[in-house]
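Reader: I would like to learn how to read aromatic rings and interfaces in a protein model. Could we go through them slowly?

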Amino acid sequence: MKSRTDYLWMETKRPREFVNLTGRVRELVRSSGIQDGLVLVSAMHITATVFVNDNESGLLKDIEAWADRLAPPGDYEHHRTGESNGDAHLKNLLIGHQVILPVTEGDLDLGPWEQVFYGEFDGQRRKRVVVKILGE
Amino acid sequence: MKSRTDYLWMETKRPREFVNLTGRVRELVRSSGIQDGLVLVSAMHITATVFVNDNESGLLKDIEAWADRLAPPGDYEHHRTGESNGDAHLKNLLIGHQVILPVTEGDLDLGPWEQVFYGEFDGQRRKRVVVKILGE
Amino acid sequence: MKSRTDYLWMETKRPREFVNLTGRVRELVRSSGIQDGLVLVSAMHITATVFVNDNESGLLKDIEAWADRLAPPGDYEHHRTGESNGDAHLKNLLIGHQVILPVTEGDLDLGPWEQVFYGEFDGQRRKRVVVKILGE
């Protein structure tokens, strides 16, 4: 069994931002030498999301508007601690915290429109995404 | 380490359909010879879902109605591209894109009511689900 | 490749309860001797959830209230079978059924506020969570 672990640092300029990680994850997979396995791509913070969807700018706007409708900014119990990002915690649960992508023949094994995104909902600070590849 | 990768082709007759994949995934696990490991079952398209729940027809209707309430068909930015399936992209995020099932003693290691489903929300076309088993 | 599989029995006193599993999962990882790998933490029942978020009591109340807003108790088709827990099945889909945590240098590899929780939504009965560690 081989493994490789990397941490991608994220620091978005805006409070909210979608970052397409597919190219970077693919590069890590290719340079790992692992031919067959699984790669975990996971936010290490609970106010950001990692998800797979289509790289289409209109759709990314739809996702943001939808997340705001279902997990709106507002007053939360969590704000008693001085925080103001309760909605971002809920968006993490709604959209998802992580994905597992298959590695086959030394490469990411994705469908035609599958792209992996980092979705920041409380940005403008340094955060990490862990990428761990396991296989052989 | 051993691995086995299969692709299940799906082509539902209706635009929306739930397909119970448990038997097929179990068969792949048993015939892989892998005694202990993990199996990824993941949609390769972002307008379909893969999830674990109970195989009860009323509940599956509830899931469809619930997904329609939280991610309704309607007008989305994504439709500026000519697409009309914006709601299916959001349902993928709501319900989930993939599951990881444990493999123990050469078999799927599921609780009493756990079943794995493919949930199609933009069907009547050929799509794939990847099943990758990793273990020993 | 090494693996270790454990089952955590849950029996919450209340119908709904959040249980922080981080310490128990960490202990299993440390005692497994696995230095590098992945650990699956997954509900074996479909009316409970497993998720990663912040261990802050106000936030946990927010999560429960939010889940009740988006997947409210009520009348569901599933209740034709005599069950009354339709909302708990939907909360499982909303919040999530499982997480995969990275194992690095013999320990859970989590961000500063990442904690793994069991979220019970139909409790007061014995249920299991499977913890499977795979790695080397």
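Author: Let us begin with the rings: those of Phe, Tyr and Trp count as a pair if their centres lie within 6.5 Å. In this predicted model, such ring pairs link A:Phe18, A:Phe51, A:Phe117 and A:Phe121 into a cluster, and the structure holds nine aromatic pairs over all chains.

Reader: How are the rings of B:Phe51 and B:Phe117 placed, and why is the pair called stacked?

Author: A pair of aromatic rings is described by the distance of the centres and the angle of the planes. For B:Phe51 and B:Phe117 the centres are 5.5 Å apart and the planes stand at 20°, so this pair is stacked. B:Phe51 belongs to strand E4 of chain B and B:Phe117 to strand E7 of chain B, 66 residues apart, and both B:Phe51 and B:Phe117 are buried.

Reader: How many residues of chain A are in contact with chain C, and what area is buried between the two chains?

Author: The size of an interface is often given as the accessible area lost when the parts come together. Here 26 residues of chain A are in contact with 34 residues of chain C, and the buried area is about 2,500 Å², with carbon and sulfur atoms giving 64% of it. On the side of chain A, the residues A:Met1, A:Leu93 and A:Lys132 lose the most area to chain C, together 24% of what that side buries.

Reader: Which residue forms a salt bridge with A:Lys132?

Author: The partner of A:Lys132 is C:Asp36, and the closest N and O atoms are 3.2 Å apart; the rule finds one salt bridge across this interface of chain A and chain C.

Notes
Residues numbered from 1 in each chain as written. Chains lettered and ligands numbered in written order. Predicted model: local features only at pLDDT ≥ 70, side-chain atom pairs only at ≥ 80, totals over all residues. Heavy atoms only, no water. Contact = heavy atoms within 4.5 Å. Buried area = accessible area lost by both parts, 1.4 Å probe. Salt bridge = Lys/Arg side-chain N within 4 Å of Asp/Glu carboxyl O. Phe/Tyr/Trp six-rings, centres within 6.5 Å; stacked < 30°, edge-to-face > 60°. Helix = DSSP H or I, 4+ residues; strand = E, 2+ residues; numbered from the N terminus. Buried < 20%, exposed > 50% of the residue type's maximum accessible area, 1.4 Å probe, protein only.
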